[in-house]
Amino acid sequence: MDPASGSTGAGHDDAVEWRTRAPGGTEYSWCRAVPGGTGTTLLALRLSRGAAAAEAAAAAALRSLQSAHPVLRGRLRTTPSGPTLAFPPAAPPPPPPPLLPLEPVPAPESAADFDALLEHELNRNPWAADSDDAPVLFATLYELPPATGSGAALFVRIHTVTCDRSAANALARELVALLGGGEGEEGERVPEDAAAEAALEERIPKRDTWKPFWARGLDMVGYSINGLRTSTLPFVETGTERSTQMLRLGLGRDETARLLDACKENGVRLCSAMAAATMLAARQSKPLESGQQETYSIVTLINCRKFLEPALDDQNVGFFYSAITNTHTINGEEGLWELAKRCHDSYTNAKTNKRHLTDISDLNFLMCRAIENPQLTTAGALRTALVSVFEEPVVADVAELQGRAGVEDCVCCATVHGIGPSIGVFDSIRDGRLDCACMYPSPLHSRKQIQEIFDKLKQILLHHACDEGFEDCT
């Protein structure tokens with residue numbers, strides 16, 4: 001075990017009986033995906049204080065998080081019948097086990113700044129090794145190199161089986177508040193652990209999951225055929241060990257306001273505009289003839305908490321997301337808003353027909369088959385889509401909260417290099433500014449290749465968001 005790891009152990013909880021259950025279908029697919037590289041959720045905080053000064057506060061904040069969310073003290077256990085999720089008892093809530101010392105460690109020479117250190121930490125995968133009893137959470141505190149200025153970086157890695165994107169951002173807000181000396185945004189509350197009680201599939205009303213057997217078969221065939229006929233970005237290196245790398249795309253406050261206003265005027269969500277701009281940028285990056293068609297696959301990720309019985313909020317840590325997959329054929333002559341409307345209508349029609357609930361088991365099945373048989377995907381690259389977007393961006397005003405806590409930057413993201421899209425967009429609007437952490441698998445795609453696509457994407461968004469054109473929008 002890494003001495004700088006803040007891993008949760010059973011500790012004194014061994015004296016009481018832990019709750020165990022088999023993973024649900026979606027959780028099982030993540031148990032299969034994470035060892036291959038996809039599904040490590042990361043909370044990354046850059047601190048203005050040095051590591052020595054931040055050590056005690058960081059350890060105390062993590063203990064408070066684990067106390068409020070017993071799921072974060074969970075364990076992944078291997079049994080003869082398959083993986084098992086184990087959670088500490090709910091009531092009365094025992095104090096969290098002590099973290100291993102969160103000792104500050106120097107950043108490796110290969111990670112010269114916060115973003116490089118983020119990528120380094122993101123790709124440390126303790127769940128890839130054979131282990132019959134692994135914690136779901138690891139934490140590390142680094143002293144930043146002097147060349148980047150004083151400060152420290154706190155990283156919390158969580159197995160995605162217990163932490164989706166909405167939960168990660170809720171945890172990040174709590175963590176920042178705790179580092180600032182508060183008790184979290186919600187103050188004292190009863191510890192919650194909905195994920196310990198039941199998986200996503202068990203919480204969906206039966207009326208919303210029923211689908212005729214013949215329809216399920218047709219949908220499976222349709223997903224498979226669509227996957228085979230979709231275009232991909234060019235692959236740079238397909239047979240090498242991969243990792244997840246990150247690029248960030250940001251807009252200023254005025255640019256963000258213009259883009260959101262344009263989305264509203266055109267009747268689409270930001271996710272549809274991002275998906276459309278990505279398709280246009282991807283096509284522009286290829287030497288195609290005018291009017292030549294390409295078909296791209298888009299995955300829209302949807303927070304299902306409000307559709308469950310009982311409904312949950314983002315403070316309920318666990319994995320409660322589903323996905324809608326759509327394909328779009330474009331010839332490069334479409335306007336952004338025309339294509340964004342197509343994206344919007346496709347996934348909203350599917351959502352109206354409850355495909356985000358009825359198709360969960362189908363998509364999980366196909367995901368596991370692809371993991372087992374990479375040759376079922378183009379060039380064995382395990383790419384399931386051009387891009388994945390979240391239906392709703394994270395929207396928060398955090399400047400004051402982060403200022404009190406001495407947090408200079410905060411990123412929530414996840415790995416994508418096992419199975420997943422070529423580009424995963426983790427978007428947020430913080431203090432009125434759009435900030436996207438864009439993840440991609442390397443060296444399957446190169447940084448230069450993805451940077452060029454995002455330069456085009458940003459230009460497309462700004463050009464179409466401004467009445468006067470891109471030059472007048474900067």
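A crossing of two helices is right-handed if the near helix is turned clockwise from the far one by less than a right angle. In the predicted model described here, helix 2 passes helix 4 in a crossing of this right-handed kind. Helix 2 spans residues 51-68 and helix 4 spans residues 165-179. Their axes come within 9 Å and cross at roughly 135°. Helix 2 and helix 4 are therefore oblique to each other. On the side of helix 2, the contact is made by Ala57, Ala58, Ala61, Leu62, Ser64 and Leu65. Helix 4 contributes Leu171, Glu174, Leu175, Leu178 and Leu179 to the contact. Sorted by class, the residues of the contact of helix 2 with helix 4 are 9 nonpolar, 1 polar and 1 charged.

A further helix pair is formed by helix 9, residues 270-284, and helix 14, residues 447-465. The axes of helix 9 and helix 14 come within 8 Å, and the crossing angle is roughly 125°. Helix 9 and helix 14 are therefore oblique to each other, and helix 9 passes helix 14 in a right-handed crossing. The residues of helix 9 that make the contact are Ala273, Met274, Ala277, Thr278, Leu280, Ala281 and Gln284. Those of helix 14 are Ile453, Lys456, Leu457, Ile460 and Leu461. The contact of helix 9 with helix 14 divides into 9 nonpolar, 2 polar and 1 charged residues.

The protein chain as a whole has 474 residues, of which 57% count as buried. It holds 14 helices and 16 strands. Among the contacts in the protein chain with a separation of 6 or more, 81% are between residues 24 or more positions apart.

The average pLDDT of the protein chain is 88, and 88% of the residues score at least 70.

Cis peptide bonds were examined next. One joins Glu309 and Pro310, with omega about -5°. Pro310 lies in the loop between strand 10, residues 294-303, and strand 11, residues 321-330. Another cis peptide bond joins Ser442 and Pro443, and its omega is about 5°. Pro443 belongs to the loop between strand 16, residues 433-442, and helix 14. Helix 14 is also the partner of helix 9 in the crossing at roughly 125°.

Leu382 is not a glycine, yet its phi is positive, at about 60°. This residue is placed in the loop between helix 12, residues 360-372, and strand 12, residues 383-390. Because its relative accessibility is 14%, Leu382 counts as buried. Asp431, likewise not a glycine, has a positive phi of about 55°. Asp431 lies in the loop between strand 15, residues 420-430, and strand 16. With a relative accessibility of 19%, against a cut-off of under 20% for buried residues, Asp431 counts as buried.

Thr148 lies in the loop between strand 7, residues 137-143, and strand 8, residues 152-159. Its relative accessible area is 21%, so Thr148 is partly exposed. Leaving out residues up to four places away in sequence, Thr148 touches Arg46, Ala112 and Asp113. Thr148 and Ala112 are 36 residues apart in sequence, and their C-alpha atoms are 7.5 Å apart in space.

Ser361 is found in helix 12. With a relative accessible area of 41%, Ser361 is partly exposed. Along the chain, Ser361 and Thr26 are 335 residues apart. The C-alpha atoms of Ser361 and Thr26 are separated by 7.5 Å.

Conventions: Residues numbered from 1 in each chain as written. Predicted model: local features only at pLDDT ≥ 70, side-chain atom pairs only at ≥ 80, totals over all residues. Heavy atoms only, no water. Axes fitted to C-alpha atoms, helices over the stretch in contact; angles between N-to-C directions. Helix = DSSP H or I, 4+ residues; strand = E, 2+ residues; numbered from the N terminus. Parallel < 35°, antiparallel > 145°, perpendicular 65-115°, else oblique. Contact = heavy atoms within 4.5 Å. Nonpolar A, V, L, I, M, F, W, Y, C, P; charged D, E, K, R; others polar. pLDDT = per-residue confidence, 0-100. Buried < 20%, exposed > 50% of the residue type's maximum accessible area, 1.4 Å probe, protein only.
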